[in-house]
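Here's a quick walk through this fold, starting with charges and then moving on to the sheet and the cores. Have the structure open as you read.

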Amino acid sequence: ETLSANLKASKQALYLADAGLEWGKQQIRASTVVPLVLANSTQSLGLGSFTVTFQITPPSPDFTYTVALQSVGTVGTASKTLEAVVRKYLLHRWERL
């Protein structure tokens, strides 16, 4: 492969890793289950894919969860990894009324 092809694949892998972080954040926002449960996932997109993994810490007494996300974007042999930490507060069922 040429240098320009490697650079292109590397940039695309970075964009896929970023897309994976956004996808993961959306999964966290959409979750209403107590305790918080999130499934690791691989999604294909265009010529590559991203794999998102979640690490959930036990909740604090007020049901605030801290979730570490890792997203790996892959195009061909190129891969890029991005990480983020997100906090989510889940109400008790009786607090939703």
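In this predicted model, the salt-bridge count comes to one. The pair is Lys-25 and Glu-22, whose closest N and O atoms sit 3.6 Å apart. Both belong to helix 1, and being three residues apart there, they are separated by about one helical turn.

| Residue | Relative accessibility | Class |
|---|---|---|
| Lys-25 | 25% | partly exposed |
| Glu-22 | 39% | partly exposed |

In general, side chains of opposite charge can pair when their charged atoms come close.

Four strands make an open, antiparallel sheet in the order 1-2-3-4. Strand 1 (41–45) and strand 4 are at the edges with a single partner strand each, so one side of each has no neighbour in the sheet. On average, neighbouring strands are turned by 20° against each other, direction ignored. Strands 3 and 4 run antiparallel and are joined by twelve bridges; Thr-74, for one, has Ser-79 in strand 4 as its bridge partner.

On to the cores. The largest nonpolar core has 13 residues, and the ones touching the most other members are Ile-28, Leu-36, Leu-38, Val-52, Phe-54, Val-67 and Leu-69. Helix 1 (3–30), strand 2 (48–56), strand 3 (64–75) and strand 4 (78–89) each give two or more residues to this core. Another core, of five residues, lies apart from it and includes Ala-9, Ala-13, Val-75 and Ala-78.

Val-52 is worth a click: beyond its neighbours within four places in sequence, its contacts include Gly-20, Trp-23, Gly-24 and Leu-69.

Notes. Residues are numbered from 1 along each chain as its sequence is written. This is a predicted model: local features need pLDDT of at least 70, side-chain atom pairs count only at pLDDT 80 or more; totals for chains, interfaces and linings use all residues. Side-chain values use heavy atoms; hydrogens and water are left out. A nonpolar core is a set of buried Ala, Val, Leu, Ile, Met, Phe, Trp, Tyr and Cys residues joined through side-chain atoms within 4.5 Å. Buried means under 20% relative accessible area, exposed over 50%, partly exposed in between (1.4 Å probe, protein chains only). Contact means heavy atoms within 4.5 Å. Two strands pair if DSSP finds at least two bridges between them. Axes are lines fitted to C-alpha atoms, for helices over the stretch in contact, and angles run from 0 to 180 degrees between N-to-C directions. A salt bridge is a side-chain nitrogen of Lys or Arg within 4 Å of a carboxyl oxygen of Asp or Glu.
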